Amino acid sequence: MVLEGNPDVGSPRTLDLQHPGNKGSCILSSPGEDALPGEEPIKYGELIVLGYNGCLANGDKGRRRSRLALSRRPHANGVKPDVMHHISTPLVSKIGRSTENMIDFVVTDTSPGGGATEGPSAQSTISRYACRILCDRRPPYTARIYAAGFDASSNIFLGERAAKWRTPDGLMDGLTTNGVLVMHPAGGFSEDSAPGVWREISVCGNVYTLRDSRSAQQRGKLVENESNVLQDGSLIDLCGATLLWRTPAGLLRAPTLKQLEAQRQEANAARPQCPVGLSTLAFPSPARGRTAPDKQQPWVYVRCGHVHGYHGWGCRRERGPQERECPLCRLVGPYVPLWLGQEAGLCLDPGPPSHAFAPCGHVCSEKTARYWAQTPLPHGTHAFHAACPFCGAWLTGEHGCVRLIFQGPLD
């Protein structure tokens, strides 16, 4: 199916996510009148890609970033549906390239615990034009999400295997091959948040229950009392990458990078010690990046939460290469270095770094750790797993996170 768009209607700003090879991209648009000369740009919100902890492995460059701010364009550029065509043979068209001007944001498939999927053999599951985000140019600047995106010729192409149908009012609607899923948190993205229910969004922005499997041709049931309006904390899953939507008001409640750095310095000023080696421990500066742990790096036994410096004894290799026995409580489990979470937009509150995700060792506040540990993220055709939002590693253990137990200085 080909859906032609009318670019002369002045519809909302779109975010279009596409992928050439192993990449996906988004289009952002805004509807209505043009901005006045000299008018301050208005920020609609931000998209944060889960699993990168503040920056892509090779750095944020151009349209490939771990975080993207959506602001009002000088001129409205949205496209609305106009004419639909059914075709029997595939079109030969130079579409789906991340270099096209209407693409605002390019994402790559994220592997659990490893950031972007690398290598030419990696097969992306993200649709080339994955989704659009349309933002009203007038207050309250409502943002809505739609599956699929218009290309440079103002067309939407749905593949032969994509689900598609005619609506009761005579329009055409459909789903991308692997779907665009959205989850709105209950209670907003705050200290009282709880995970919501995952839904699928159609090309026209209608809300459906999930299909039996991610690429099934039979759509789910229409959910008439829910909408495609994004809320603070809404999660968008593109079958290969998951994004978090934050509103300007929500970001005001999130900790700043300065606050995170102050917390790191405060934790180090308390001079925590290794209870075995009696050496002073310290979280490394984020400017150092996630390189090999240094001598002062805190390590944790993720089953019990006891924090130590690195040591080489207590190995239980018969149970796994990372399995160690805690010398304080004798519990056996993974023994990993601790790393502070640096993507402030993923945090629910500015609380102290008191908990770590298991088994990756990323540290954040208790509220943040418990929320993400109980939030199932889509994986594969129909599976769901809770994952660390900072690195994407699947969480393990009864709770998915652990309270850190530090020993203070003996003096």
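**Close-up views of a predicted model**

**Cysteines.** A search of the whole structure finds zero disulfides, a disulfide being a pair of cysteine sulfur atoms within 2.5 Å. Cys329 is in no disulfide, and the nearest cysteine sulfur, that of Cys304, is 3.6 Å away. Cys329 is partly exposed, with a relative accessible area of 32%, whereas Cys274 counts as buried at 4%. Here buried means under 20% relative accessible area, exposed over 50%, and partly exposed in between (1.4 Å probe, protein chains only). This is a predicted model, in which local features need pLDDT of at least 70 and side-chain atom pairs count only at pLDDT 80 or more, while totals for chains, interfaces and linings use all residues. Residues are numbered from 1 along each chain as its sequence is written, and side-chain values use heavy atoms, with hydrogens and water left out.

**Salt bridge between Arg211 and Glu200.** The side chains of Arg211 and Glu200 meet with N to O at 2.6 Å. A salt bridge is a side-chain nitrogen of Lys or Arg within 4 Å of a carboxyl oxygen of Asp or Glu. Arg211 lies in the loop between strand 17 (207-208) and strand 18 (235-237), and Glu200 in strand 16 (residues 198-201), so the pair ties together parts that are eleven residues apart in sequence. Both Arg211 and Glu200 are buried. Helices (H or I, at least four residues) and strands (E, at least two) are DSSP runs, numbered from the N terminus.

Glu261 pairs with Arg264 in a salt bridge, the closest N and O atoms being 2.8 Å apart. The two residues, Glu261 and Arg264, are three residues apart in helix 2 (residues 257-269), separated by about one helical turn. An α-helix has 3.6 residues a turn, so residues three or four places apart point the same way. Glu261 is partly exposed at 23% relative accessible area, while Arg264 is buried at 12%.

**Further salt bridges.** A search of the whole structure finds twelve salt bridges. One of them joins the side chains of Arg144 and Asp136 (3.3 Å, N to O). Arg144 is partly exposed, with a relative accessible area of 27%, and Asp136 is also partly exposed, at 22%. Elsewhere, a network of salt bridges links Lys43, Glu46, Arg67 and Glu343.

**Packing of helix 3.** In helix 3 (residues 366-373), the buried residues are Thr368, Ala369, Tyr371, Trp372 and Ala373. These buried residues pack against several strands, among them strand 15 (181-183), strand 18, strand 19 (242-246) and strand 29 (401-403). Contact means heavy atoms within 4.5 Å.
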